Every structure is written in structure tokens, then in C-alpha cells.
Amino acid sequence: MPGKIRQYFKDKKGDARDSSGGGMVGKLLLIVVLFYLLIAMIMGMYWSSEPDSFSVREHTRATANAMQREPVTGFATTATMIRIAETLLDKPGGYITNDIFPPGLWLDNVPNWEFGVLVQVRDLARAMRQDISRAQSQSSEDADLIIAEPQLHFDSDSWAIPSTESEYRRGITALKRYLDRLSNPEKTDSQFFARADSLNNWLADLETRLGSLSRTLGESVGKASISDTVADFEGQDPLDERAQGVDVKTDWTKIDDVFYEARGSSWALLHIFRAIEVDFRKVLQDKNATASVKQIIIELEGAQGDMWSPVILNGSGFGIMANHSLTMAAYLSRANAAISDMRELLSRG
């Protein structure tokens, strides 16, 4: 009986080999699949590299020279915003968030980095449309910023009909038209008001963004929820031992997602604040807020330090293992503190 069973499987194996041309087709398919996976893995490693930072001042000069224009107030911020958005689309691998095929489909960290950058571009586009390009609340909105702001808010996951990339490029094109009109001395329908109140409104939104990010990063090791703790205190004798709130901890599968979102946000903000240092120079000097901007830039540069670990480590707060989330949270918290100081200075008469 065992001999018959062995013979049965041997016959089946021979039939399969005969039907596939002696196994050549199967082997060829296997080689093609393995080669594809190898190429996809190598490309994925290359695509996972983060874009380098660039010099805002040099980029502003180069853009102004290429356009044969003078870098008027607002030129640096607008040109930098365009460069950030284009980097999102033109970096190695292009825009990956909406990819449906490997290796983009397999990558996890890059889409979160892209989302962090995208949030900051969107917030700045909204601030430019609502405040910075308008003299007062009753002023008309800029025609190109009306197009750019919603285009940059288009669905970040759309693969086709229309694709996310095509919609974002329409927004970038509108920003380029705004920059062209802004720097054209013969046209007066485009404005950039480098005022303290306009900058302060954008900083208020940014403060909440960074506060949320630093909080989530800090919860990588688990922290008591403030809301739960306060709820436990209500109605209790103040002399009684206070109960601790329920620990809130970022899920271990989300730790790298939050980290790279913060990494992308800090990359975009680093360049935006360098541009603000140029365009809002006068108001920053008048309000004695220049030092605050420089401090923010220093902290954001620290958040962009080289990553020497292939994975995001989540060691305990004072353990022997590194905790990359807490390190990033420390940089963002210090940057956020400097933003608070900056807002206070800008709000003074």
C-alpha cells in the first residue's frame, strides 16, 4: 500500500511536469516573480529616503532670477510653499500615498511623512487665502488662491479620475500664477500683507497641530488621561487619595505612523519658518520676535536629525532602549513653546 501511494504521487508529479513543458513555464514564472520582488524591494528602499532640506534664501534668489523679478515681500514664502508641494510630488518614487502597486503599496512610513507635509501646506494655503493676501475681512479673496487652497485639500488617496497628483499640480500652478502677479510691478491685484495679526492667526492653528502631535508622540510610553483624571476628582473629598486616570497609550502599530507624520510636518515647517524669517522680517524686529523664530528653526532642525535606526524604537521613558517618539516630542514641544512666546510678542501693541 505505501508503495502504491508513492507511485500515485510520482505519476501526478510527472503529469504536472509534462503539462507545464517539463516545469520550464513554472520555473520561468517563479524567476520573474522573484526578480520583480527583488527590484521592488530595492526601489522601496530608495523611495523610503526622505528629501533633503534646502536653502530657502538660495531658492528664493534662484526663482526670482529665473523669473527676472525682484523678490518682493511674500516672494520667499510663496516660492517655498511651491517648492515644498513640488517636492511632495517629485521626490524619489513620486507621490506614494495613493499607490496601488508595489513597492509603493508596501511602504508605510513615506505616506505618513507625506501627510505631515501636506497638512502644513494646506494650513498655509488657507492662511494665505483668508488672511495674508487680504487687507481686511471685507477685502476680496485672491483669484488664484481661491483655486489653490481647495485643490491642495483634494483627497490624498485618489488614484485616478482624477488623480491626487493632477489636482495638486493644479493647485501648484495657481500658486505660480499668484507668485507671478505678486512680483509683477505692473499688476496690483495680488497682495501679501506681512502683518502681525495675519501671522498670529496661522500660528494659533499651528500651535494646536503641534500640541496634538507632541501629545500623541508622548503617549508612546503610556500616560494618564487628563480628562479621566479630572473626572475622578469631581465630587471627592480633597483630602482623599486621588485616583489615577486611565493610561492612554499609542498603539504599537501606530507609533511609526505618528513619528513619520511629525517628521514630515517638521520638515515642511522648517522651510516655512525660514521663509517667514525673510518676508516678516520687519514685523518680527518691531515685535522683538526674531529670537523666537530662530529658536523654532533650531528645534525643527533637531527634529530632522539623521535616523540611524532601521526601525522606530519605543523604549520606556528611562529604560536602556531609545524612544524615538519621545525624542521627537521633545523637539516639537520646545518649538511649540517658542511659538507660544512668539504669539504673545506679536499680539502686543
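**Rings, core and surface**

Mentor: F54, W113 and W267 form one aromatic cluster. Keep in mind that the model is predicted. The structure holds six aromatic pairs.

Trainee: Why is the pair of Y95 and Y168 called edge-to-face?

Mentor: The ring planes of Y95 and Y168 stand at 80 degrees, with the centres 5.9 Å apart. Y95 sits in the loop between helix 4 and helix 5, and Y168 in helix 7.

Trainee: What makes Y95 count as buried?

Mentor: Its relative accessibility is 3%. Buried means under 20%, so Y95 qualifies.

Trainee: Why is the pair of W202 and F273 called tilted?

Mentor: Their planes are at 45 degrees and their centres 5.5 Å apart. W202 lies in helix 8 and F273 in helix 10, so the pair ties together parts 71 residues apart in sequence.

Trainee: How do you know whether F273 is buried or exposed?

Mentor: F273 has 0% relative accessibility, so it counts as buried. F273 is also among the residues with the most contacts inside the largest nonpolar core, which has 73 residues. Helix 10 gives the most to this core, with 13 residues.

Trainee: What makes V33 partly exposed?

Mentor: V33 has a relative accessible area of 45%. V33 belongs to a nonpolar patch on the surface, along with residues including L30 and W159.

Notes: Residues numbered from 1 in each chain as written. Predicted model: local features only at pLDDT ≥ 70, side-chain atom pairs only at ≥ 80, totals over all residues. Heavy atoms only, no water. Patch = residues over 30% accessible without salt bridge, like charges linked within 9 Å, V, L, I, M, F, W, Y side chains within 5 Å. Areas by Shrake-Rupley, 256 points an atom, 1.4 Å probe, with all protein chains shown as cover. Salt bridge = Lys/Arg side-chain N within 4 Å of Asp/Glu carboxyl O. Buried < 20%, exposed > 50% of the residue type's maximum accessible area, 1.4 Å probe, protein only. Core = buried A, V, L, I, M, F, W, Y, C linked by side-chain atoms within 4.5 Å. Helix = DSSP H or I, 4+ residues; strand = E, 2+ residues; numbered from the N terminus. Phe/Tyr/Trp six-rings, centres within 6.5 Å; stacked < 30°, edge-to-face > 60°.
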